[in-house]
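Here is a briefing on the structure shown below.

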Amino acid sequence: MTTFHLPDLGEGLQEAEIIAWHVDTGDHVVVDQPLVSVETEKAVVEIPSPQAGRIARIKAEVGDIVKIGAALVIFEETANADAGTVVGTIPTHDQTAKTSAPAVATKRGRVKAALAVRQLAQRLGVDLSAVSPSGPDGAVTKADVERAADTIKKFGPLEPLRGVRRAMAQNMEKAHAEVVPATVTDEADLGAWPQGNDATMRLIRAVVAGCRDEPALNAWYFGLDQGRQLHSHVDLGIAMDTEEGLFVPVLRNVGERDASDLRRGLEAMKRDVLNRSVPLEELRGQTITLSNFGMFGGRHAALVVLPPQVAILGAGRIQDRVLAVDGEPLVRPVLPLSLTFDHRAVMGGEATRFLAAVIADLQRPE
Amino acid sequence: MVPGGNESKIVASFEIDFTRLLDIDGSLCGPLPDFAQDQTTLIGLYRDMVLTRAFDAKAVALQRTGRLGTYAPSLGQEAVSVGLGAAMAPEDVLLCTYREQGAQLRRGVTMVEILRYWGGDESGSDYAGPREDFPICVPVGTHGPHATGVALAFKLRREPRVAVCAMGDGATSKGDVYEAMNLAGVWQLPVVFVVANNEWAISVPRARQTACETLAQKAIGAGFPGHQVDGNDVIAVYHVMWDALERARAGNGPTLVEALTYRLSDHTTVDDATRYRDDAEVSARWKLEPISRLRRYLIAAGFWTKEDEDRLLSEVGREVEVAVEAYLATPLRPPASMFDHLYADLPAPLAEQRTEVEGYGGG
Amino acid sequence: MVAELSLVEAVRLAHDRAMAEDQTVLVLGEDVGVNGGVFRATDGLLERFGPERVFDTPLSESLLTGLALGLGAQGFRPIVEFQFMGFIYPAIDQVVNHVGRLRHRTQGRLTCPIVIRAPFGGGIHAPEHHSESTEAMFAHIPGIRVVIPSSPARAYGLLLASIRDPDPVVFLEPKRIYRGPKEDVTDDGKVLPLDRCFVVRGGNDLTLVSWGAMMKETLAAADTLADQGVSAEVIDVATLKPLDVDTVIASVNRTGRCVIVHEAALTAGFGAEIAARLADRALVELIAPVRRVTGYDTVMPLLKLESYYMPSEARILDAAREVLEYA
């Protein structure tokens with residue numbers, strides 16, 4: 001910082017009056033640029049700047065009488081801060097912008113419907129989530145809403161399917177649309193069984209025997225590609241009805257596991273299903289399914305093959321019946337069996353041979 | 001025009017004259033024109049230059065203290081603007097840039113209006129005085145065509161009025177300016193193009209702007225005369241402008257006047273000229289500045305005393321203060337007024353937007 | 001006096017009428033005088049009104065606009081002709097920076113009552129750059145009007161209104177329909193309203209919105225739909241800016257379905273503005289999304305492929321079917 005003092009103006013004058021300033025604080029001035037006009041006895045004199053620099057402070061005001069040698073102006077040496085523009089003011093920010101982690105989108109289970117459709121549904125008292133959408137992109141249309149309203153008027157409100165029941169409805173519809181089912185039935189004479197034989201374990205083993213004899217039933221068929229995949233191992237789906245709905249958890253690789261392991265697996269599976277703690281993975285990948293519906297009742301049934309599987313074996317209720325054995329009528333425990341298969345991928349002969357192998361295995365004592 | 005004869009020859013040439021009447025030291029170096037024989041006229045020119053500079057300095061100070069937006073100072077160029085403004089008749093029309101404050105003030109635009117404009121209030125361009133003058137032109141050179149339109153209006157109505165288009169050296173590179181000059185020449189329009197050559201277009205020096213030796217000769221390309229004048233000699237500026245205006249008024253077509261001066265300030269209050277030019281160069285040009293030059297002449301001619309100077313500086317200081325106070329006391333216009341004067345009658349879709357603004361900021 | 005006129009003849013007639021009634025109306029442009037304009041829009045005006053009303057200017061679009069502005073500020077009403085929209089772009093500087101602003105920045109002290117006219121649009125197998133349809137650029141600029149006639153009668157009435165309007169108007173003439181179809185035009189000096197859409201055809205099932213030459217294909221599509229038992233309402237926007245969206249909304253409130261047709265490219269085309277306003281104000285009435293049938297976001301191809309770029313009646317019908325079958 002340098003100070004500029006009122007210079008000697010000559011003529012023996014000791015002081016001068018400030019008449020007008022020509023510069024202001026903050027101005028950058030150059031050598032010889034007029035700073036101020038002062039009045040002496042003889043004249044009004046412009047005082048030029050002795051140096052280039054920025055005016056830091058003006059030390060006298062208009063009207064002041066300033067003595068020769070008194071401070072007029074203080075210069076600062078620092079350069080002007082770069083404003084970075086020629087017009088306006090561009091703010092600088094003190095902090096650098098923080099980069100934030102990108103937001104992870106959470107899916108919302110919303111029904112797709114145009115606003116007018118929503119309003120209509122509201123007006124007619126229709127629950128949009130219960131309406132089957134027929135519009136593009138899965139959107140509910142006006143017609144859908146009107147149809148639903150009609151149904152409600154005739155039959156009362158619909159109980160909308162949710163969760164597992166809803167999934168079952170959708171899966172069965174899909175299966176029906178694709179699969180060409182055929183069913184062959186037969187029965188096994190369990191007279192040779194010892195007491196306390198675990199029927200489920202025997203059934204599992206029998207299915208494995210069937211798959212070994214006729215691998216065509218332990219396969220996946222893909223209709224669109226018209227190709228099938230035979231499986232070397234048996235991942236057996238076990239159909240389970242619960243209050244919530246139908247579950248088909250998978251017992252992996254049943255062909256290579258011993259009975260106690262299988263039993264443990266089965267118990268764990270039952271527990272998990274009842275607790276609704278089955279991981280999603282364990283509900284997928286069945287190569288063939290067993291439905292032990294006979295626990296509740298029923299003899300034979302045409303069951304539903306869920307693609308890409310090609311077969312499902314149904315075991316009905318074990319009942320004592322009179323059979324002809326070696327020409328003689330005998331009371332025997334009989335297990336009715338039904339095999340439904342996808343006739344796109346499995347031939348009748350393959351199916352019957354499979355069933356025969358299953359029965360042969362079941363009819364063995366152990 | 002195909003020249004007759006078989007030989008090659010010169011078919012066109014041109015001359016550009018330079019006029020200076022007051023030498024750098026304030027002494028006469030040419031014949032004094034009639035108007036300059038009148039002491040009152042000369043003192044009026046001096047006063048207007050002093051006022052322009054004082055107002056200018058005050059505007060810069062206001063910007064520094066956050067009470068004015070960006071401002072373009074005219075330090076060092078007072079003689080050009082005051083000279084051209086003084087030579088114009090009241091019924092002429094001025095189309096100028098942001099550095100002709102002196103001309104605007106001379107023609108009756110008020111200091112308050114200029115401050116309002118730079119302070120960010122459109123009412124600053126609603127001049128109470130010269131009702132037909134154009135508001136200052138920001139996109140450089142785009143007012144050239146406007147000047148031709150105004151001049152054509154005068155010509156069609158047979159009015160002895162002239163449009164004055166004032167611009168800087170940078171503007172002479174602009175297409176619009178060439179197009180305007182071309183039209184003015186071929187249609188013989190009553191327009192005077194004034195180029196205030198202050199040697200800098202922000203940071204681009206004059207030598208980098210064009211290869212032409214003078215800017216005045218760009219008029220030759222448009223088919224009319226161009227003259228150079230010492231822009232820091234207010235008497236010379238007035239004189240050359242007067243001739244050009246009379247020529248146009250008489251129906252003899254356009255002229256280009258190149259006034260040589262120097263931009264002693266930064267381009268705007270946010271520019272820092274030390275980034276691109278030497279302080280030493282600026283110091284040297286202070287010696288050529290216009291106000292002290294005329295003062296020396298006036299004092300030497302016995303027209304001006306110390307008391308006159310004292311009184312003038314005080315008066316001017318007070319005038320500027322009064323204007324600043326009036327500016328600072330200007331009430332803020334209601335935000336919805338941004339929709340006023342958009343169309344003659346605000347169309348319905350915009351009326352909705354206006355209502356919305358009223359809701360946010362009050363009517 | 002009624003005559004069967006083409007659109008460009010109606011434009012010429014409006015010039016004639018305006019210039020006869022108001023001495024401040026001037027005509028400026030390249031080739032507008034002796035040649036009567038390359039499309040003959042100003043044919044005969046120089047002979048009738050003389051060289052101090054009709055001016056053949058040098059070639060500079062920016063200059064022309066600024067010249068008109070200067071004249072307008074001085075109380076004249078200049079009509080500036082740009083030969084093709086493809087050459088209008090140097091003028092955009094003057095329009096954005098000055099024409100749309102003059103009244104506002106002087107708080108009404110100076111005004112700009114000018115009309116800028118240009119033929120626009122494709123479909124005439126023209127060389128490059130002569131088929132532009134960039135009306136959306138102008139619609140974005142504050143302080144001006146953008147007006148597009150779609151028929152001879154509307155050209156007459158809207159141009160007269162534009163000339164008499166105290167504010168600047170960009171008047172874009174669809175050159176594909178310059179010479180036909182012809183229509184009865186009454187030279188009565190009556191204006192049609194600016195800032196208003198025209199419901200050209202009433203209907204209840206679907207709203208078709210368009211402007212300019214595409215009105216032709218849009219009306220043809222409406223005819224075909226009528227044969228199929230669908231009644232389509234057809235709206236001619238006419239003044240793009242300021243937009244009379246109320247007329248479109250009233251229609252969509254009844255029909256619930258809207259298809260917008262414009263020749264200009266899709267992205268940021270003016271149809272987007274209308275669609276956005278419908279989403280804002282007619283969402284509860286919409287049964288289907290608002291569809292736009294437009295030119296593509298590509299450079300307009302030359303004549304060999306031009307017809308694939310321009311929206312066709314078939315494309316309009318496809319879009320109509322889509323929205324009709326949507327829900």
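Two strands count as paired if DSSP finds at least two bridges between them. In this predicted model, that definition applies to E8(A), where A:Glu76 stands opposite A:Arg54.

**Overall form of chain A**
- Chain A contains 6 helices and 19 strands.
- Its radius of gyration is 47 Å, whereas the globule rule gives 21 Å for 366 residues, so chain A is more spread out than a compact globule.
- Along the principal axes, the C-alpha atoms of chain A fill a box of roughly 160 × 55 × 40 Å.
- The domain assignment of chain A lists domain 1 (2–76), domain 2 (115–160) and domain 3 (171–362).
- Between domain 2 and domain 3 of chain A, the C-alpha centres are 40 Å apart.

**Pairing around strand E8 of chain A**
- Strand E8 covers residues 71–76 of chain A and pairs with strand E1 (residues 2–5) of chain A.
- The pairing of E1(A) with E8(A) is antiparallel and runs over 4 bridges.
- Here A:Phe4 faces A:Val73 of E8(A) as its opposite residue.
- Strand E6 (residues 53–58) of chain A also pairs with E8(A), in the antiparallel sense and over 4 bridges.
- In E8(A), A:Glu76 is the residue opposite A:Arg54.

**The open sheet of chain A**
- An open sheet is formed by 4 strands of chain A, in the order E5-E4-E2-E7, with antiparallel pairing.
- The edges are strand E5 (44–48) and strand E7 (65–67) of chain A; each has a single partner strand, so one side of each has no neighbour in the sheet.
- On average, neighbouring strands of this sheet are turned by 45° against each other, direction ignored.
- Within the sheet, strand E2 (residues 15–21) and strand E4 (residues 34–39) of chain A run antiparallel and are joined by 4 bridges.
- A:Ala20 has A:Ser37 of E4(A) opposite.
- Chain B reaches this sheet: helix H11 (residues 306–328) of chain B packs on it and touches E2, E4 and E5 of chain A.
- The direction of H11 of chain B makes about 45° with that of E2(A).

**Helix packing in chain A**
- How do the axes of H1(A) and helix H2 (residues 142–155) of chain A cross? They come within 9 Å and cross at roughly 10°.
- That angle makes H1(A) roughly parallel to H2(A).
- H1(A) contributes A:Val117, A:Leu120, A:Ala121 and A:Leu124 to the contact, and H2(A) contributes A:Lys142, A:Val145 and A:Ala149.
- By class, this contact of H1(A) with H2(A) has 6 nonpolar, no polar and 1 charged residues.

**Chain A with chain C**
- The contact links 8 residues of chain A with 7 residues of chain C.
- Helix H1 (residues 115–124) of chain A supplies the largest share of the chain A side, 4 residues.
- The chain A side divides into 4 nonpolar, 3 polar and 1 charged residues.

**Chain B with chain C**
- This contact involves 33 residues from chain B and 34 residues from chain C.
- On the chain B side, helix H5 (143–156), helix H6 (175–186) and helix H12 (348–361) of chain B each give at least two residues.
- H5(B) gives the most, with 10 residues.
- The chain B side consists of 18 nonpolar, 10 polar and 5 charged residues.

Conventions. Residues are numbered from 1 along each chain as its sequence is written. Chains are lettered from A and ligands numbered from 1 in the order in which they are written. This is a predicted model: local features need pLDDT of at least 70, side-chain atom pairs count only at pLDDT 80 or more; totals for chains, interfaces and linings use all residues. Two residues are in contact if their C-beta atoms, placed from the backbone, lie within 7 Å. Ala, Val, Leu, Ile, Met, Phe, Trp, Tyr, Cys and Pro count as nonpolar, Asp, Glu, Lys and Arg as charged, and the others, Gly among them, as polar. Domain bounds come from an automatic or database domain assignment. Axes are lines fitted to C-alpha atoms, for helices over the stretch in contact, and angles run from 0 to 180 degrees between N-to-C directions. Angles under 35 degrees count as roughly parallel, over 145 as roughly antiparallel, 65 to 115 as roughly perpendicular and the rest as oblique. The radius of gyration is taken over C-alpha atoms; the globule rule is 2.2 Å times the number of residues to the power 0.38.
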